[in-house]
There are 2 protein chains.
Amino acid sequence: MPQYTAPIKDIQYILHDVLKVSQQGFNGYGDLDADFTSAILDAAGSLASDVLAPLNRVGDTQGCQLKEGIVQTPTGFKDAFNQIKDGGWPGLDLPEEFGGQGLPYVMGTAVGELFSAANQAFTMYHGLTHGAASAILAHGTDDQKSTYLPKMISCDWTGTMNLTEPHCGTDLGLMRTKAVPQDDGSYRISGQKIFISAGDHDLSDNVIHLVLAKVPGGPEGIKGVSLFIVPKIQIKDDGSLGASNGVSVGSLEDKMGIHGNSTCVMNYDGATGYLLGDLNKGMRAMFTMMNEARIGVAMQGLAQAESAYQNAVLYAKDRLQGRAVTGAENPDGPADPLIVHPDIRRNLMDQKSFIEGARAFMLWGASLIDASHDGADPDAEGLISLMTPVLKGFLTDKGYEATVNAQQILGGHGYIEEWGMSQYTRDARIAMIYEGANGVQALDLVGRKLALDSGKHVLGYFEMVKNFCKDTATPQMDEFTTPLKAASKDLQAAAMYFMQNGMKNPNAALAGSYDFMHLFGYVSLGLMWARMANTSLKALADGTDDPEFHENKLTTARYFMARQLPISATLLKRIESGADPVMTLPSDAF
Amino acid sequence: MPQYTAPIKDIQYILHDVLKVSQQGFNGYGDLDADFTSAILDAAGSLASDVLAPLNRVGDTQGCQLKEGIVQTPTGFKDAFNQIKDGGWPGLDLPEEFGGQGLPYVMGTAVGELFSAANQAFTMYHGLTHGAASAILAHGTDDQKSTYLPKMISCDWTGTMNLTEPHCGTDLGLMRTKAVPQDDGSYRISGQKIFISAGDHDLSDNVIHLVLAKVPGGPEGIKGVSLFIVPKIQIKDDGSLGASNGVSVGSLEDKMGIHGNSTCVMNYDGATGYLLGDLNKGMRAMFTMMNEARIGVAMQGLAQAESAYQNAVLYAKDRLQGRAVTGAENPDGPADPLIVHPDIRRNLMDQKSFIEGARAFMLWGASLIDASHDGADPDAEGLISLMTPVLKGFLTDKGYEATVNAQQILGGHGYIEEWGMSQYTRDARIAMIYEGANGVQALDLVGRKLALDSGKHVLGYFEMVKNFCKDTATPQMDEFTTPLKAASKDLQAAAMYFMQNGMKNPNAALAGSYDFMHLFGYVSLGLMWARMANTSLKALADGTDDPEFHENKLTTARYFMARQLPISATLLKRIESGADPVMTLPSDAF
């Protein structure tokens, strides 16, 4: 049975030593001292380890069942969900006005990692509710807010997002689901939506679907799409539950992973829905939810990698196999533990240096969201908008890769289901696909975000890296900033290549978009590792009661600089090869 | 339902245009003219597409069942197995003397790709029998050969290999299975073996297990290991089946993939076994089987990639989503097919350039095995011994990556089981693990094979690359040989780094072993692409009735050179960072 221990020490290090959250001055950050965040993380960590993690394999093996139109979740999910509700965790970073705890987004992200690492399929039930609540918070009328938010923030009602249809995923302009206006101001929603995570289940009293649909006679394509609130069970004027709505589960999808989450085909047969936000501006409203969901999915990449890594390390220390090439390290035993072997360490260091860098990247990104809500930093919103596809695409690709590497440490035991390592890879795989497949993230990054506000945000990013290197310049920092500068130069050269060639031939930019997304991810992790190195060098110079921790950070930073970051040169070379290698082959020759 | 079409044209191109097999002069190669190989490949291709491929998902969803001690294979497997037997396919490249067809190994490999691509789990039943038969052929007495080989080559009896025990996989010196000598010259075998592919099933009349075990009182560790033939059902002197032996299936493993193959825990309780080869030289005998199995596994990496690629291409041409950025390409339809989008093409070109390069690499490797059997080329054995870990490690890693990329093309449809793309990744995943996990391949490459015969074979490889570039030097070839030379230079620099640093500190070599294995793989695919470019340039210059085919080869070669091969520089940089980044972190800091 796989184990999970919340990496609280590392999160505390990032929050307080690296990001120094309590000194940032953003709304609510003043309360985030180390004792306070530690108390929250300890409580969440216990829930994650003791309640959610033991249900992870249960969810995988049992899956969900559709019985008489209602989805039954795996044994134990309902009890665990009630514990999550009772602790107020779903509303941790949602407004107190509607029953939330009003903490900053960065704390929701930190806690989200723990829950998601312990049980991704389970955590999606309240995770999606959070996203749906955010959309209603941002675009709902006062009535809608008071009707839905208290119940959703408590998770008495859960939420979903309904975009995909059988014939359209990314290209939502092709959507067929219809919303016909009624005399009372409501709409009748008809159509089929697929891949609806947490689409139905037995964990809550009601499910509030946010559904994209077209009002007949509206503009063609994506410009005619609106967003609707469609409750599974209708809500009476007094807020109590009324008759059922025309919403049903067509079937449950048989998936590669996240079996514990109910992925539904949803049928809407003249269901009553209510417009959320403006008519024909559905994509804008949905993007409030989507952007948040993308950050949440990025975090899943990190979270599954962390869980898989922990179990690979346990195995590598426990399994006796072979002898260290430089002499026995466990001479009294029949063999040495796996972890003495250089290639096992190479694999584990790859995982570790990714995970800790990714965690810093995630929490820094979350702090940008707080900064943008706060309005204190005028550049924060543009910067996190730029970074969102990088976070989503890079952390889920590399997170998946980390789970595959962790599985490899166990050899044949990694391939059989009993040890749980297969589940990490199968669960992590979806994060590269949902909320916009990673190729779409790359397109968003290169096709939209780079040029946003005349390129102001990407230039700001380069400036930030440059300033960091300048401001921290010491002989000791050179070994970290020199490779960071080289990689950042490659990233700038790639952006320049797009600017010079993309105008004439957009394919020259788009052919390199995926490589650019990864290059941006590596540079960002490089920046995080340089920041952590700077933090730990200072801690060691100032005197610390835990020098080993900081020495180990420096060792891991050196690994990242020596063995991960140099790939920037190859990625640049791929990008600069332009459109021809990618676009020349005739379609029928594939 | 996924489709599979045998890539016969590409195999024919490699056999006849690139490798020119019928001119090589190796034993049996004189018969391999294009008509003959085409007839074989057509017949095998039909079986693969029409019989094996439709059972692939059946095997995945039904799996195997252990009922009253006997494993039942999925519906349809028995009929299909009989068709494979009736066609004489299991003995295609085994000696006519024992009922085989006596064709060269290269044809067994070409046909093996088709069967494995269509249904990996199914193909393992006769694939492992082939390996077991080869071991008996190489190490058996005349009696053993006449007793077992005819039945095994016809697949009336199938074979297995039994190495792993619960506490030891790679480190077989720790083995506990015992073989106690009996007065009649036989042995009593007792112990438990795990992860035994095709360990039991209902496809054959008997199962011939090759089992590694220790004779009590023999040398310690791996030097005391011997190999035994242990039939499931005892064989009477007249060759007919007698009483059952003390062999039983403990349980079936629940695995991530290859559900159609029965992976068994095998219990030996005083079973009667017969020494195969010399006492205490079991590893040598087993390696006859292992080396062949490793090449077979390399081929599985290629095969799953090919199947997944074919289905990704079908989807990319069929699925309408979005518009080409340079203007609609399907203006009368609601949207353009996915394949117009640069990042979809980038993904498909990555797969295609890997697959076709890997196929050439595989068939060239197989021809080296024929050359070594033939004795005509004195360097062939050393060269294929060097290339075996590269083939196994690189093709299975990259093959798996290709299946993941193919799955990505389908978005959410790639994640649900209905479309079959998940199965390709789940099946391909095992190839990185079994027959020596890829980290062990890297260790074998750097720790043993590089220095074999004083480094003669790796130096011969470099010489071969150099000579190829010199011999084919034309202005048109420059664009292919220039990147090949650069990558080969990186590979040589890496080998040089190991020589200079590995003597002082073996960890300096082993820390870079995995990167070296990949670097060697990229250079080898680069060599194959340069050879194919040379072949196709000549065909175009000489006049060909299929210029498109050769132009497309050149386009794909250019892609590989522009976007895949440049990673050699990054891999060299990782290698040259040496032991410190990998070895410094204390074990308890993981």
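How many residues of chain B are in contact with how many residues of chain A? In this predicted model, 90 residues of chain B are in contact with 92 residues of chain A, where contact means heavy atoms within 4.5 Å.

Local features in the model need pLDDT of at least 70 and side-chain atom pairs count only at pLDDT 80 or more, while totals for chains, interfaces and linings use all residues. Residues are numbered from 1 along each chain as its sequence is written, chains are lettered from A in the order in which they are written, and side-chain values use heavy atoms, with hydrogens and water left out.

**The interface between the chains**

Chain B and chain A bury about 7600 Å² between them, with 59% of that area on carbon and sulfur atoms; buried area here is the accessible area (1.4 Å probe) that two parts lose on being put together, summed over both. On the side of chain B, the residues that lose the most area to chain A are B:Tyr415, B:Arg563 and B:Phe590, together 12% of what that side buries. Between the two chains there are 46 residue pairs in polar contact, both residues being at pLDDT 80 or more; a polar contact is a pair of N or O atoms within 3.5 Å, and within protein one must be able to donate a hydrogen and the other to accept it, while residues adjacent in sequence count only if both atoms are side-chain atoms. Helix H9 (residues 342-374) of chain B supplies eight residues, the largest share of the side of chain B that touches chain A; helices (H or I, at least four residues) and strands (E, at least two) are DSSP runs, numbered from the N terminus.

**Salt bridges**

A salt bridge is a side-chain nitrogen of Lys or Arg within 4 Å of a carboxyl oxygen of Asp or Glu. The structure holds 46 of them over all chains, and four are found across the interface of chain B and chain A. The table lists some of the salt bridges.

| Residue | Partner | Closest N and O atoms |
|---|---|---|
| A:Arg574 | B:Asp350 | 3.5 Å |
| B:Arg563 | A:Asp515 | 2.6 Å |
| B:Asp10 | B:Lys553 | 2.6 Å |
| B:Arg359 | B:Glu306 | 2.8 Å |

The salt bridge of B:Arg563 with A:Asp515 crosses between chains, from helix H18 (residues 547-564) of chain B to helix H17 of chain A. B:Arg563 is buried at 1% relative accessibility and A:Asp515 is buried at 5%, buried meaning under 20% relative accessible area, exposed over 50% and partly exposed in between (1.4 Å probe, protein chains only).

Within chain B, B:Asp10 forms a salt bridge with B:Lys553; B:Asp10 lies in helix H1 (residues 8-18) and B:Lys553 in helix H18, so the pair ties together parts that are 543 residues apart in sequence. B:Asp10 has a relative accessible area of 8% and B:Lys553 one of 3%, and B:Lys553 is thus described as buried.

**The surroundings of A:Lys553**

In chain A, A:Lys553 is placed in helix H18 (residues 547-564) and is buried, with a relative accessible area of 3%. Its side chain makes a polar contact of 2.6 Å with the side chain of A:Asp10. Not counting residues up to four places away in sequence, A:Lys553 touches several residues, among them A:Tyr13, A:Glu356 and A:Trp529.
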